[in-house]
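Here's a quick tour of the model shown below. Have it open as you read, and we'll go from the overall picture down to a few helices.

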Amino acid sequence: MAVTKGEQYFLDRIRLGDEQVWADFVSRYRGRLLRFARAKLPQRADAEDVVQETFIAFLRSIGRYRGECDLETYLFALIRRKIIDSYRSAGARKVCLIQDAWDSDHDEGSSDLLDVVPSPAQTASWYARADEQHDQQKTILAEALSDLVDGLKKNLNLRDLQIIEMLLYCQIPNKEVARKMGLDEKAVALIKHRNLKQIRENVGHRLGIAEHKSAPMNADAEIPDSLLTDLWEYYRFSCPKRNTIGAYMLGTLEPDWHKYVEFHLNVLGCRFCRANLDDLQSQSQETQQEAFQARIMESTIGFLTRPM
Ligand SMILES: [Zn+2]
């Protein structure tokens, strides 16, 4: 989740105003950001504007960035915020294709799943205060979610991971998840219950370790799903790394992982990861084009008539 050494180097050089490193940084990330923006904004010029503004926002906020997530995740969070702010349509908030499909099939007035406001009772313990303690609670919850996903991946429990992603990342109802996975609804409810319990226990455990100066948070409190979704969208706990998506593209992943990445890209339709896939595919096409050009040049150059 946190910044790597390489990324820290980038950050340090950029903070010192190193223009070359900044140019490398822009060229490293602009492709995937543009792909992400294009999925929401059909006009290329609009998408380019948003990417440009994202890089400005990055430089403006670089002093406050604490490395709580990796740079790509941070940039995606910035660009998503820009798109939501400038295009206040219901669709701007959605991060996965599956949400569009679910919404258009079941549109009953409320067109935006993610605008659902948690009930006041839920709000009380988790959402209410935007202060230091609140931030600390969110950090602990994010760590618990990250542990959960890591555990599911480590145990190759990719079925539960897919279910949890649909429920928590995309807020797809149990019934629909059951249908997609060929399970009955009770089984899905049980899997959700089991995983939420694990999250709560993890949070409780972490609260036990972190000795609080202030009043401890109630670990038994129901955690609102919408908060889990907010955190998941921000940190992207389950998103495969860019090089894993590259390996998927080349068909070199183990079969279980290949299936999982395929699910994440095509069934869930995670837009962050699809942006990476599109960018990687266009890069590979460019490389192919260049290689093709080089081959033609090499084989034709001898036939080029030269002045005697
Ligand atoms: Zn993803």
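## Fold and contacts

Of the contacts in the protein with a separation of 6 or more, 68% are between residues 24 or more positions apart. This is a predicted model, and what it shows is 14 helices and zero strands. The protein has 308 residues, and 29% of them are buried.

Mean pLDDT for the protein is 85, with 85% of residues reaching 70 or more.

| Helix pair | Axes come within | Crossing angle |
|---|---|---|
| α2 (residues 19-40) and α14 (residues 271-300) | 8 Å | roughly 120° |
| α3 (residues 44-61) and α4 (residues 71-86) | 9 Å | roughly 125° |

That angle makes α3 oblique to α4, and α3 passes α4 in a right-handed crossing. On the α3 side, V50, V51, E53, T54, A57 and F58 do the meeting, and their partners in α4 are L75, L78, I79, K82, I83 and S86. By type, the residues of this α3 and α4 contact come out as eight nonpolar, two polar and two charged.

α2 and α14 are oblique to each other too, and their crossing is right-handed. Here G31, R32, R35, F36 and A39 of α2 meet R271, F272, A275, N276, D278, D279 and Q283 of α14. The residues of the α2 and α14 contact split into four nonpolar, three polar and five charged.

## Helix α8

Why can helix α8 be called largely enclosed by the rest of the structure? Nine of the 12 residues in α8 (residues 158-169) are buried, so the rest of the structure largely encloses this helix. The buried ones are L161, Q162, I163, I164, E165, M166, L167, L168 and Y169. After α8 comes Q171, with a positive phi near 55°.

Key
Residues numbered from 1 in each chain as written. Predicted model: local features only at pLDDT ≥ 70, side-chain atom pairs only at ≥ 80, totals over all residues. Buried ≥ 20, exposed ≤ 12 C-beta atoms within 10 Å, placed from the backbone. Helix = DSSP H or I, 4+ residues; strand = E, 2+ residues; numbered from the N terminus. Axes fitted to C-alpha atoms, helices over the stretch in contact; angles between N-to-C directions. Parallel < 35°, antiparallel > 145°, perpendicular 65-115°, else oblique. Left-handed = near helix turned anticlockwise from the far one by under 90°. Contact = placed C-beta atoms within 7 Å. Nonpolar A, V, L, I, M, F, W, Y, C, P; charged D, E, K, R; others polar. pLDDT = per-residue confidence, 0-100.
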